[in-house]
Amino acid sequence: MTNAPKTPPPEDPIREHTYDGIQEYDKRLPNWWLFTLYATIVFWIGYWFYYETSGIGPRDTAVLAAELERIEAAKLAAAADLLDDGTLWQMSRNSVFVQAGRATFNSTCASCHKESLRGAEDGGIGASLVDGTWVHGGRPTEIFAVVDKGVLEKGMPAWGPIIGAKKTAEVVAYILSHHEEAK
Amino acid sequence: MMFAGIYYSTQRLVKARLASDFLSALHFWGWQAIIVAAAITLPLGFSRSKEYAELIWPINIAVAFIWVVFAVNFFWTLARRREPSLYVAIWFYIATIVTVAMLYIVNHLSIPTSLLHSYPVFGGVQDALVQWWYGHNAVAFFLTTPILGIMYYFLPKAAERPVYSYRLSVIHFWSLVFIYIWAGPHHLLNTSLPDWLQTLGMTFSLMLWAPSWGGMLNGLLTLRGAWHKLRTDPVLKFFAAAVTFYGMATFEGPLLSIKSVNGLAHYTDWIIGHVHAGALGWNGFMAAGMIYWLLPKLWNKPLYSQSLANLHFWTGLVGILLYVAAMWVSGITQGLMLNATTEGGTVLAYPNFLDTLNAIRPMMLMRVIGGGLYLVGWLVLAYNLWRTIRGAQTVNGSIEVYAEKPAAADTRLGFAGSVFNAPVLLSVFLTGFATLWMLGENLVSVAGLVGALLTVVAGYALLYSRGKVWQGWYERLLLNALPFTVLTFVAVAAGGLIQIVPTVMVQKAANMEDRVQVPYTPLELAGRDLYVREGCYTCHSQMIRTMVPDVLRYGDYSRLGESIYDYPFQWGSRRAGPDLARVGGKYPDVWHLRHMEDPRSISVGSNMPSYPWLSERNLDVASLPAKINVQRTLGVPYGPLTPQQIFDQVNEQAKGIAKNLRDAGAYVAPEKEIIALIAYLQKLGQFEPVTPAAAN
């Protein structure tokens, strides 16, 4: 080809040394290339800081554990209409359930039972739920029944129709999380 | 190809003949002998089971020896060079030779138990880390740096164009050799490898992107002004395509190192596609281009047929594209299916592993076609080569070289001159400070960060004020092969030291998490060696990752302590079959017997091979005492056992399994190999909890 440049344009200095006839330009590094290099370095610093130095970024195992809890919770929730004591105890050891139950409790039940769950002992209206005595029976299914149907004549409303079976189960799990299963 | 390219170009680049014809011949024949030995031993099941490091220890020694022969020959030639300054290709060759030697030796440290068998000195996580430090960098320093060197010689030669940028060569050479070494843990993402190593592996892999592309740019941009030649010259076609594949593979690599992408792609064909883009496209096409360029020169005769060379190019290109595309589709399909969940993410969408294999079956056909085309291309090359050289004489002569004046005394850089100067010291400080920042606690870490920042600022200031001086220094360094080699070695050694030494040194307890494996009984150990011999690890991993789909499919994620006595580790790298980390106790003994004799009788449509000979051959018990002695030396808690005690234990356990089988209606003598394998499989996943107190 005749129009191929025979000599490089002046801004391309060629290094004077040649190796076995091979010449070398000494061009500037492309900006986008440098940018990529710097960006990945900055990313490294940021990523390391987030996950390793600061401890803000969660560990893989923590993420996994939370995810598995969520899955278990979802499975338990699906089982909520066939509740039995064992399932309720299991729920009370699942943090997803217990967290959700705490939220419901504090918003719906704490007015009478107090956030401490100590109820009348703590100046509330309802019975204490942590004193170890159960007026209506202490088996998880019995507690569930009280919350679900209420004790209307004593001032304990029926919650099942209001908050639904799932939330009822969660809140019972929350109460149970303050107790140990008798062996 | 690599050796030929290095030998050819080095002689010309340093204007000196190879130092020793004897060493060259030894190198050639020694290497051929190693290949033959490998081809015999591997199919017979003599294997260390570590990827790219399968060969047994006597061959390892031969490889190391031949590599040293190569190194001596090369450096001796350098010492006699008449061209004082080292060209960039030579830098890459130097990096190749020293780094491969280092990697190979460390990863092959093992203690023999017999003439044909050995255990590696590292086990569990340490072995995994060392293996992938080696495995990743074998790709880097055996399949990348020498080829880059070859590119820097043959590509400008063939294109008759100057190399694009010397400055880029300098930067990308040093950043490449320095950063590459750190990236090994990206082969172990989402496993039980400690988090800090995973983070290092991922971030350094991303940082590797630009340095790798520096090589590609320098290759492709050198072709500027020569693109028109591509139409006619098959050599340049091969080179241009090869460099493009290099760029593609080195873009894909960092992508695959991102943890979430890796969670999908790891253990699937995507990884296989990735390496083949590199191996077939980059290495293979560089080799082909080089051969077509060299043939006419070496035999002083034009190539027999340009059009056949073009045919090779096109069949090869289509072959690679089909192959790689098939692997992408297959890998992503299987990865997605394995990780897919339904019902709000609570159950696996494809609980049967075989579904995922059947889905990718058509891709395997495409893979075969692609690979076949690629092979045909090489047969075309062989024919072309034969027709070209038939009846021709090799050029055998000497060339007059013009040697420049002997180096003046003041170009010598002593030890002090090479080490005590701003660029080297700054790099050392920067690495040191950055390491303190990453690995130090509280104040040390802060100090490291401040130090690193100060070093960067100082570096920039100096670069602007004294850049010219640095340039002069580097030019002088290029006149000094030994200091150059030493600096290269330091640069590549740094990453490995910082990652591996802490992992090897820390008390084993710290590597355990909350569980420790129950050591194998002698019979189980024998079964494990069978597992290695039969190559089960090529399809089965033993590492349940910290990912929901893995846990849903295979059970609780694997802890470090659960493979602490595994010499060698068996975490695996491809799942063509399910993970086996917790298969122990999942099925009765007789299930395994039937499954090993004929997998399809148990799992309809399984593609696992049958292993009928395991039920026929007798177990080699005699070698067990030697093996257990070595394991004990390595730190596995075997009490003092006499050979007789070992044999008794084996007999007793084997009889138990044989009885189980008999009760289930299967008759196998307790001496058979299958009994040991069943013992091993049933052991997988057994651990004892460790309390922090007990660990200390």
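Me: Does Glu524(B) count as buried or exposed?
Reply: This is a predicted model, so keep that in mind throughout. The cut-off for buried is under 20% relative accessible area. Glu524(B) comes in at 6% relative accessibility, so it counts as buried.

Me: Which residue forms a salt bridge with Glu524(B)?
Reply: The closest N and O atoms of the pair are 2.6 Å apart, and a salt bridge needs them within 4 Å. Glu524(B) forms its salt bridge with Lys683(B).

Me: How many residues apart in sequence are the parts that the pair of Lys683(B) and Glu524(B) ties together?
Reply: The salt bridge joins Lys683(B) and Glu524(B). Lys683(B) lies in helix H26 of chain B and Glu524(B) in helix H20 (residues 522-533) of chain B, so in sequence these parts sit apart by 159 residues.

Me: Which helix of chain B holds Lys627(B), the salt-bridge partner of Asp529(B)?
Reply: The side chains of Asp529(B) and Lys627(B) meet at 3.1 Å, N to O. Asp529(B) sits in helix H20 of chain B, and the pair ties together parts 98 residues apart in sequence. Both residues are buried. The helix that holds Lys627(B) is H24 (residues 624-634).

Me: What is the N to O distance in the salt bridge of Arg515(B) and Asp556(B)?
Reply: Over all chains the count comes to 27 salt bridges. Here the side chains of Arg515(B) and Asp556(B) meet, with an N to O distance of 2.7 Å.

Me: Where does Asp556(B) lie?
Reply: Arg515(B) lies in strand E5 (residues 515-517) of chain B, and the pair ties together parts that are 41 residues apart in sequence. Arg515(B) is buried at 10% relative accessibility, whereas Asp556(B) is partly exposed at 30%. Asp556(B) lies in the loop between helix H21 (548-554) and helix H22 (589-597) of chain B.

Me: Which residues are linked with Arg515(B) in a network of salt bridges?
Reply: We already have the salt bridge between Arg515(B) and Asp556(B). The network links Arg515(B) with Asp556(B), Arg559(B), Glu562(B) and Arg582(B).

Me: What is the omega of the cis peptide bond at Pro568(B)?
Reply: Pro568(B) lies in the loop between H21 and H22 of chain B. The cis bond joins Tyr567(B) and Pro568(B), and its omega is about -10°.

Me: How far away is the nearest side chain of opposite charge to Lys672(B)?
Reply: Lys672(B) is found in the loop between helix H25 (643-663) and helix H26 (673-683) of chain B. Beyond its sequence neighbours within four places, Lys672(B) is in contact with residues including Leu614(B), Glu616(B) and Arg617(B). Lys672(B) is buried yet has no salt bridge. The nearest opposite charge, on Glu671(B), is at 5.9 Å.

Me: How many disulfides are there over all chains?
Reply: A pair of cysteine sulfurs has to be within 2.5 Å to count. For Cys109(A), the nearest cysteine sulfur is that of Cys112(A), 8.7 Å away. For Cys536(B), it's that of Cys539(B), 8.6 Å away. Over all chains, the count comes to zero.

Me: Which residues have the most contacts inside the largest nonpolar core?
Reply: This core has 149 residues. A second, separate core of 47 residues includes Val590(B) and Tyr611(B). In the largest core, those with the most contacts are Tyr87(B), Ile90(B) and Trp91(B).

Me: Which residue of chain A does Tyr152(B) touch?
Reply: Tyr152(B) lies in helix H6 (residues 145-159) of chain B and counts as buried at 2% relative accessibility. Leaving out residues up to four places away in sequence, Tyr152(B) touches, among others, Tyr87(B), Phe92(B) and His172(B) of chain B. From chain A, Tyr152(B) touches Ile22(A).

Me: What is the relative accessible area of Leu117(A)?
Reply: Leu117(A) is found in the loop between H4 and H5 of chain A, and has a positive phi of about 70° although it is not a glycine. Lys114(A) also has a positive phi of about 70°, and is partly exposed at 28%. Leu117(A), by contrast, is buried, with a relative accessible area of 0%.

Key: Residues numbered from 1 in each chain as written. Chains lettered and ligands numbered in written order. Predicted model: local features only at pLDDT ≥ 70, side-chain atom pairs only at ≥ 80, totals over all residues. Heavy atoms only, no water. Core = buried A, V, L, I, M, F, W, Y, C linked by side-chain atoms within 4.5 Å. Buried < 20%, exposed > 50% of the residue type's maximum accessible area, 1.4 Å probe, protein only. Helix = DSSP H or I, 4+ residues; strand = E, 2+ residues; numbered from the N terminus. Lys, Arg positive; Asp, Glu negative; His and termini not counted. Contact = heavy atoms within 4.5 Å.
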